[in-house]
Amino acid sequence: MTQIKNDTQTIDIGIGGMTCASCVARVEKALNKVPGVTSATVNLATETARISVDSADTTDARLRRAVRDAGYEPRSLEATQAAANNSSPWAGFAPVAFGLVLSAPLVLPMLGDLWGQHWMLPAWLQFALATPVQFILGARFYKAGWHALKAFTGNMDLLVSLGTTAGWLLSVWLWLTSSGHHAPHLYFEGSAVVITLVLLGKWLEARAKRQTTEAIRALHALRPDKAHWMGEDGEVDVPVDEILTSDLIVVRPGERFPLDGELVEGQTQVDESMLTGEPLPVSKTVGAQLTGGSINGDGRVLMRVTAVGHETVLSHIIRLVEDAQAAKAPIQRLVDKVAEVFVPVVLLVALITLAVWLFVGANFETALIHAVAVLVIACPCALGLATPVAIMAGTGVAAKHGILIKDAQALEMAHRVQTVAFDKTGTLTVGQPRLTQHVAAPGQDASTVLTWAASVQTGSEHPLARAVVSVAKAQGLNLTTPADLAAVSGRGVQATVDGRQLLLGSLRWLQQEGMDPALWAADVTALQAQGATVSALAERTATGVQGLLLMAFGDEPKAGAAQALKALRERGLKLVMISGDNQAAAEAMARRLGLRPEDGEVLADVLPGDKAAQVQQLREGGRIVAMVGDGVNDAPALAAADVGMAMGNGTDVAMHAAGITLMRGDVALVGAALDISARTVAKIRQNLFWAFAYNVAGIPLAALGYLNPVIAGGAMALSSVSVMSNALLLKRWKP
């Protein structure tokens with residue numbers, strides 16, 4: 001059970017026994033009836049339910065009882081995952097093998113007829129072979145079908161059990177009522193083969209399903225079980241679960257980092273490819289952040305643990321991928337509504353088929369066989385699997401390449417994006433600006449005012465502040481701790497240094513406070529024309545605000561950003577860069593990136609709090625907008641967009657503010673995210689088309705007598721397997 005808010009909880013439950021889209025609808029209906037449940041989403045492919053509750057009285061046990069009362073088996077998530085993670089390719093094949101062995105002799109006479117051979121088995125032998133298949137292997141269908149019948153609903157199991165039982169009973173009746181002069185044609189082979197084929201189809205589905213969850217298993221495998229803990233007695237191997245925050249851990253060359261932490265001794269190269277998709281090792285020195293699951297290079301290092309358990313980056317990533325794979329795409333809701341009425345309609349069609357064939361003069365045997373074929377071919381297995389398996393495959397392969405898709409809605413929406421808005425700093429640029437130039441006001445000592453500027457920004461994590469402090473330290477200036485430090489949102493900071501009331505921030509803010517606009521006018525114009533970001537330091541005195549120091553900062557475009565933007569433009573997308581810089585500076589950087597300010601592709605002088613409003617304006621007219629930012633100060637804008645993409649290293653804010661997180665700061669991943677969205681949605685549509693087309697074509701053919709139950713059973717199993725196989729083609733995708 002995971003606490004989400006003070007008054008809302010989300011509970012995950014594994015569910016066994018679901019076979020089709022109708023089962024999903026039934027379990028969801030049962031869970032939604034439980035008092036305190038606000039929403040329940042059931043996923044056929046993962047065999048799990050995610051329930052949101054707003055009452056402390058709605059316990060896990062009560063929800064499990066509702067699942068059992070609906071006719072299904074509640075399981076622990078661990079048991080469900082263990083079943084899914086069974087690596088043996090032949091796991092669960094024994095019942096299928098038993099059915100194939102018993103059904104094969106029954107099929108031989110059918111094959112013999114093709115070559116003019118009549119190998120009819122004695123009726124008693126057919127009965128002996130078919131009955132164990134019907135009532136031992138088929139017991140699962142009777143059990144689930146009975147629960148559906150009690151709930152006045154239908155599912156695949158009900159169709160299979162009714163159809164095969166009708167065929168078996170007809171065969172027994174023909175055998176017992178036949179005269180001894182000729183052997184009657186019996187249909188034991190139809191019932192036995194249909195059950196065997198359905199079981200074979202289910203086994204193939206389960207095998208394919210294990211492949212769709214490979215991404216999750218691969219991520220879980222990144223976590224070592226042991227860590228080399230530095231205790232009072234030196235280095236000791238202990239289980240990772242016993243490690244606490246601030247513990248010191250030794251990581252040897254070639255080992256995986258067990259948890260997140262900070263490098264405190266040594267240096268190394270780290271392979272983070274499984275987490276970020278970045279193939280090149282990253283150099284790490286003292287003070288660098290280390291991510292659990294990444295691989296240490298050739299250096300023995302000592303790290304201090306900063307996050308354990310569910311707080312690690314790897315745990316967040318696993319949770320995100322699991323959430324995305326368990327989520328239900330908007331298009332799936334339509335499928336669920338269709339499935340809810342599908343089985344009752346099929347039962348009605350089967351009765352009509354029986355009645356019509358009897359009406360036109362067919363004997364009861366022929367009419368019943370055609371009705372059985374309708375029941376067997378109509379099972380909506382493929383319908384229930386079409387969407388979730390494609391989502392599982394798509395999100396899994398995306399995660400492998402450093403694209404974390406938080407929910408199915410973002411996945412389904414991304415391919416429709418028409419406009420992509422980018423934050424500038426840290427997204428399109430390196431995000432590590434340098435202090436390229438500083439100009440002291442007339443009568444001021446350059447070193448003194450630079451010392452004050454750096455002192456005001458001591459301790460700040462803002463990129464511009466770090467740039468100023470870095471230059472001051474390089475010059476050997478002695479910095480002091482500021483007093484009365486206060487941030488002015490979107491404008492700058494003010495503080496007291498050496499008894500002086502200092503203001504540091506944008507020129508516009510300082511001029512609003514009373515600084516002379518003419519001061520540095522020529523310098524500002526020249527610097528902004530070069531694309532520099534300009535800010536200033538001023539002092540508030542009894543006579544007003546006096547300018548002290550003009551500072552110019554420069555940033556560099558990210559490697560490959562211009563090519564990535566060009567590729568997005570070639571896809572027909574409108575591109576926009578949103579920046580807090582002045583118009584001249586923003587346009588200068590935009591041109592370096594290949595953007596066109598003259599076409600409205602630059603929005604400058606935008607305060608952090610106004611980015612969301614700018615995104616909202618871009619959405620006017622019904623355009624679908626994606627916002628790409630660093631996921632921290634861009635959180636409101638990411639939330640305001642139709643699709644938010646956070647560039648970052650997997651921090652909490654980055655992961656939760658956006659529907660999609662790009663684990664590498666590579667602009668090319670934006671196009672890759674749009675591409676995997678398009679391909680996944682295409683697979684969903686293909687699967688749904690074939691699932692619907694199969695039933696639309698198959699039911700009339702069965703009703704008209706063109707399909708016997710055996711062929712119908714084979715076609716039904718084939719439809720589910722084809723949907724799974726089509727979705728698994730996504731695993732070959734590369735950005």
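Is Arg592 buried, partly exposed or exposed, and what is its relative accessible area? In this predicted model, Arg592 is partly exposed, with a relative accessible area of 46% (buried means under 20%, exposed over 50%, partly exposed in between, with a 1.4 Å probe and protein chains only). Local features need pLDDT of at least 70 and side-chain atom pairs count only at pLDDT 80 or more, while totals for chains, interfaces and linings use all residues. Residues are numbered from 1 along each chain as its sequence is written, and side-chain values use heavy atoms, with hydrogens and water left out.

The chain comprises 27 helices and 27 strands (DSSP runs numbered from the N terminus; helices are H or I of at least four residues, strands E of at least two). Of its 735 residues, 51% are buried.

A total of 16 salt bridges was counted (a side-chain nitrogen of Lys or Arg within 4 Å of a carboxyl oxygen of Asp or Glu). Arg592 pairs in this way with Glu556, the closest N and O atoms being 2.8 Å apart. Glu556 is partly exposed at 37%.

Helix α22 also holds Arg591 and Glu587, 4 residues apart, about one turn of the helix; their side chains form a salt bridge at 3.7 Å, N to O. In helix α2 (residues 60–69), Asp60 and Arg64 are likewise 4 residues apart, and their salt bridge has an N to O distance of 2.6 Å. Asp60 is partly exposed at 24% relative accessibility, as is Arg64 at 23%.
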